[in-house]
Amino acid sequence: MRDLLIYETGDGGDLRVLNNDLALTTSLFNQVYLCLFGGNVEASTKGNELNNEKRFDWWGNSLLELIFNSETERTINNVTLNASGRLKILQAVKNDLKPIELVANYNVNVYLESSYRFKIVINLTEKLNKQEKIIQILWDISKDEVILKEII
């Protein structure tokens with residue numbers, strides 16, 4: 001499956017341009033990124049909002065049957081970064097990644113790096129080609145942003 005290549009800028013995802021055209025990718029990172037950070041941060045988007053109502057979510061939610069809700073980002077913004085907060089973030093990541101179950105098996109863990117940083121580690125095994133990937137996302141609460149994204 002080919003998709004437009006999204007990369008993290010520290011200020012949200014951006015589309016990569018290559019040779020004056022939008023770059024494409026076959027990586028599952030895009031789907032993971034949209035699941036975790038592409039939804040409505042304010043509240044869960046149901047898909048039945050009024051046309052004149054402001055939506056704070058990914059533009060694709062108005063086009064697709066599958067609605068992304070960023071429970072992960074909402075949880076990050078509302079928990080204290082401690083053992084209890086880590087478990088809430090872990091559960092939110094698992095909830096947001098449910099659409100990935102169609103194309104990959106995955107394992108998730110959240111590690112506290114410091115009082116203001118944590119790392120989300122997602123081990124993916126694609127169902128079609130059995131390819132294994134590890135996606136690591138380092139979040140800095142003081143900057144309120146992803147500061148490192150790594151695919152191994």
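**One residue, then the whole**

Author: T75 is buried, with a relative accessible area of 14%; buried means under 20% relative accessible area, exposed over 50%, and partly exposed in between, using a 1.4 Å probe and protein chains only. This is a predicted model, where local features need pLDDT of at least 70, side-chain atom pairs count only at pLDDT 80 or more, and totals for chains, interfaces and linings use all residues. Residues are numbered from 1 along each chain as its sequence is written, and side-chain values use heavy atoms, with hydrogens and water left out.

Reader: Where is the place of T75?

Author: T75 sits in helix α2. Helices (H or I, at least four residues) and strands (E, at least two) are DSSP runs, numbered from the N terminus.

Reader: And what does T75 touch?

Author: Leaving out residues up to four places away in sequence, T75 touches K88, I89 and A92. Contact means heavy atoms within 4.5 Å.

Reader: Which backbone oxygen does the T75 side chain reach?

Author: That of E71, at 2.7 Å.

Reader: Back to α2, which residues are buried there?

Author: Helix α2 covers residues 71-78, and T72, E73, R74, T75 and I76 are buried in it. Their cover includes α1 (29-37), α3 (83-96), β8 (117-126) and β9 (132-140).

Reader: New topic: how many helices and strands does the protein have?

Author: Three helices and 10 strands. From the N terminus on, the order is β-β-β-β-β-β-α-α-α-β-β-β-β.

Reader: What share of the protein counts as buried?

Author: 38% of its 152 residues.

How values were computed: A polar contact is a pair of N or O atoms within 3.5 Å; within protein, one must be able to donate a hydrogen and the other to accept it, and residues adjacent in sequence count only if both atoms are side-chain atoms.
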